[in-house]
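Please read them with the structure open.

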Amino acid sequence: MKRRRSRQAPPRKARPRRMPGAARSALLIAMVASGAMAAAPLAAQTLSDTLSARLNQTGDKGGKKEKDRLLVDARELVYNRDANTVEARGDVQLYYQGRILEADRVIYDRTKNRVYAEGNAKLTDETGGVTYASRFDLTDDFKNGFIDSLSTISRDRTRFTAPRAERTDGETTVFDSGTYTACEPCKDDPERPPLWQVRAKRIIHKNQEQMVYYESARLEFLGVPLAWAPYLSAPDPSVKRKTGWLAPHFVSSTKLGYGVATPFFWAIAPNYDLTLTPTLLSRQGVLGDVLWRHRIDTPWITGSYNVRASGLFQADQTAFYDPPSGPGSRRWRGALESTGKMFLSDKWSFGWSGVAMTDRWYHQDYKVRTEAIGTTYFKEAISTLYLNGKGDRGFFDLRGYHFRGLSAYDWQKQQPLVGPVLDYNKTIDLPPATTGIGGQLEIDANVTHLSRQAAVYQATGLRRLDQAYSLYDVCEFGAAKTRAYSPPNCLLRGVGGDVTRATVQASWKRQFIDPIGQVWTPFAFLRADASWMSIDRSRSYLFTNGVTLSTIANADQANFFASSPDFVGRITPGFGMEWRYPFIARTGWGAHVIEPIAQIVVRPNERNARKRPNEDAQSLIFDDSNLFEWNKFSGYDRLEGGTRANLGVQYASTFSNGGSFSVMAGQSFQLAGRNSYAFGDVANVGVNSGLETRRSDYVGRIAFTPVTGYSFIAKGRFDETNWALRRLDIGASFNLSSRLQTQIYYSRYVSQPEIGFPYRREGVLATARFNINDNYYITGSALLDLDRHLADRDLNTKTSLVYPATLGLGIGYKDECTTFSLQYTNSLTDVVNGTRVRTQQVLLRLELRTLGEVRVRGGTTQITTGDSLHTAAP
């Protein structure tokens, strides 16, 4: 090493110059301290200017921004005038344009304008990505150079490794014999191969294109090659949207054959894209699927919507059932759907969800996922258009509905077209000082219109199905199939024709607490209803298979409404009082509250219940949740009448360990007037509800959470004369440490023949998940029918004592880079012409983080007739 003391003194060997810690912490040492005094200018002017400005402490006078300054932190600097180099030693850190280079030793060669870093070398780029190497050979701006034995960790924890790499223009990095993975190295053995990695002869990462290219690549699991490709390309791991091919999906099905779907994603613009998914099926041909997504952001409207179209010309139409149990020999099958939501302001929005399809079986047969399909239990496609507004204490909602039945038992002419449906709610505080009464005023309004082509009938007692197909509900009795479309043998579930109803209710309540702690809540309400009905009496529909026939006629609706007028209006005032007296106690193990509750509601009798249709209040479940409701009917079409008292008591305790226990029991009494629940409407709603007698059935609830992770709840209804069990729901959830989570639900309901349930309903649903360790898990589920009739449409036969309606089993694995699952389900999907149809499905899903997802599904259909069983392979 050579260093000049002065221009007059002869050169002599100099020892390295050590920096004190205080000077080191200032981070203001330049790498070319003597370079500014040299006779020849530095080749890299940008770096020279920055260093000179920093040495001379000129701040930004030279025109350089702070991010363009090169700052150095090191324990020791050595200047070599003869070699024209500057060497930094010991915990070296270089900061330049958002990049940080760290190493044990860094040499700057002024002649070559190169920076060499060795020993625990680490380069952090401006995005947060980190590269470790045994040696860096870079240009003075860190954008170009060679890196030996490198390992790069990006901001999203993905990793590139290679024995050598070259970086060009700070934009392209070429890894020779490189590997890529999103998996963390093994903590106990970092040299062990990761769960998966891509190994390639060359990996080319282009920052500007945000793409990674692999040449002669193979996919390895635990170091074992499983797949090879001469060329691969994939978006940069940090990219969320990028044009290109997505991971394929594989299909295996009896009706469809074997197939593969190859989605192509086209990111047309930052706010809209297009996904094209052709699926090649060995038995049916090519299924096309196009999905358009668009996000809108303008000063007057924001939101997003999507449009999806799919379909195919079937190659083998014989794979499916004939109508009315299947699509038959239909050549073209497909669907068009769209969903969207737009915000006009922070309070107002509108949106839609719609689907149109060639046939009801299309989505199920081809496993086309859609947001418009309802739950597993209610197979229907729901289309809706809505306008919604919300305030601090109110809302406005205007919408319409179209329903498409997807079960073999659904007849589209019986599905209603509903709209408009208007709901409005507003709560207003009434200050006593200005209004004189105080309390809260609540306004509710609803307007509903619906139309239906064919009336919906259902027989009471045993279910009666049409003679031709055994699919549709009819009211025909005896060997001669005598028609009996009138009460009490038949229910009218839906009106054939047009129905409009408008309801407005204003209610007031105010709470008072007296000196001894009693809580008094007086309330009053005024409700107005108007109903218009136009019954279609002309249409009649004939079902025949060439041998037998059944008829559904709209004219039979006259048996239910007799001489009912087209328009009916009513005004119902009411008032009442609710009383509660909570007793509170504290013990060493928790807090306790015992609270008796009494309520009385006074109003006139319900009028015209049997003269008007009931479309939205057919679900009536009397339990603890609606014991103290002013109106226990579930919709606007019915209104509780007469004078009724509701009595109950509840106890609640909260434990010091976070657990809780609560009990509630009560009963309702019809004190005066006509009991609305004793006189059924056209659908017999109210009968067999537990409210049809002067003294109602007893209802109760027990809820217990001993500690966090364990919970139990039971709700029941018991006969008011002999305490016989009428309805029972039990649910329990257990989290046994972090390994086992399980839920079990049991329900049992007595028969209600007057409303179409001639047998008791009983079943168990159980689900469980066992975490073998932090990564592996097993899942299982079972839905068991215990009533011997739930699975049978022909109610003259019975199943075994325990019938598995649905069974499921799965295994899975998940860590920071891999998600794997294998699911098997066996479920009762339909009953066609007296036979039970079960579907078995297997779904395999493998997701490699940043690379993509692969899904493979397969399934078969089993048909059970009596005691026989065969696999359907049409």
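In which strand does Ser-383 lie? The answer opens point 2, after a word on the basis of the values.

1. Basis. This is a predicted model, in which local features need pLDDT of at least 70 and side-chain atom pairs count only at pLDDT 80 or more, while totals for chains, interfaces and linings use all residues. Residues are numbered from 1 along each chain as its sequence is written, and side-chain values use heavy atoms, with hydrogens and water left out.

2. Ser-383. Ser-383 lies in strand E26, which covers residues 380-390. Strands (E, at least two residues) and helices (H or I, at least four) are DSSP runs numbered from the N terminus. Ser-383 is buried because its relative accessible area is 13%. Here buried means under 20% relative accessible area, exposed means over 50%, and partly exposed is in between, with a 1.4 Å probe and protein chains only. The C-alpha atom of Ser-383 is 5.0 Å from that of His-402, and the two residues are 19 apart along the chain.

3. The structure holds 48 salt bridges, a salt bridge being a side-chain nitrogen of Lys or Arg within 4 Å of a carboxyl oxygen of Asp or Glu. One of them joins the side chains of Arg-164 and Asp-148, at 2.4 Å from N to O. This pair links distant parts of the chain, 16 residues apart: Arg-164 is in strand E11 (residues 159-168) and Asp-148 in strand E10 (residues 145-153). Arg-164 counts as partly exposed because its relative accessibility is 35%. Glu-595 and Arg-580 also meet in a salt bridge through their side chains, at 3.4 Å from N to O. Glu-595 belongs to strand E41 (residues 590-602) and Arg-580 to strand E39 (residues 567-580), so that distant parts of the chain, 15 residues apart, are linked. Is Glu-595 buried or exposed? Glu-595 is buried, at 11% relative accessible area, whereas Arg-580 counts as partly exposed at 22%.

4. The side chains of Glu-640 and Arg-644 meet in a salt bridge of 3.7 Å, N to O. Glu-640 is buried because its relative accessible area is 2%, and Arg-644 counts as buried at 0% relative accessibility. Elsewhere, salt bridges link Glu-76, Glu-87, Arg-89, Arg-105, Glu-118 and Arg-135 in a network.

5. Aromatic pairs. Rings of Phe, Tyr and Trp (its six-membered ring) pair if their centres lie within 6.5 Å; planes under 30 degrees apart count as stacked, over 60 as edge-to-face and the rest as tilted. The count by this rule is 34 aromatic pairs. Among them is the stacked pair of Tyr-401 and Phe-403, with 5.9 Å centre to centre and 15 degrees between the planes. Tyr-401 is partly exposed at 26% relative accessible area, and Phe-403 is buried at 17%. Another stacked pair is Tyr-698 with Trp-723, at 4.2 Å centre to centre and 5 degrees between the planes. Tyr-698 lies in strand E45 (residues 698-705) and Trp-723 in the loop between strand E46 (710-718) and strand E47 (725-736), so the pair ties together parts that are 25 residues apart in sequence. Tyr-698 counts as buried at 18% relative accessibility, while Trp-723 is exposed at 52% relative accessible area. Separately, Phe-160, Phe-175, Tyr-180, Trp-196 and Tyr-214 form one aromatic cluster.

6. Val-699. Val-699 also lies in strand E45. Val-699 is buried because its relative accessible area is 4%.

7. Surface patches. Patches are made of residues with over 30% relative accessible area and no salt bridge; like charges are joined within 9 Å, and nonpolar side chains (Val, Leu, Ile, Met, Phe, Trp, Tyr) within 5 Å. Accessible areas come from the Shrake-Rupley method with a 1.4 Å probe; for residues, only the protein chains shown count as cover. A patch of positive charge on the surface gathers Lys-341, Lys-347, Lys-390 and Lys-426. Lys-426 lies in strand E28 (residues 417-429) and counts as partly exposed at 32% relative accessibility. A nonpolar surface patch of about 720 Å² includes Phe-770, Ile-778, Leu-809 and Val-842. Strands E50 (776-785), E51 (803-814) and E52 (818-832) each supply at least two residues of the nonpolar patch. Ile-778, in strand E50, is partly exposed at 34% relative accessible area.

Conventions. Lys, Arg positive; Asp, Glu negative; His and termini not counted. Charge placed at Lys NZ, Arg CZ, Asp CG, Glu CD.
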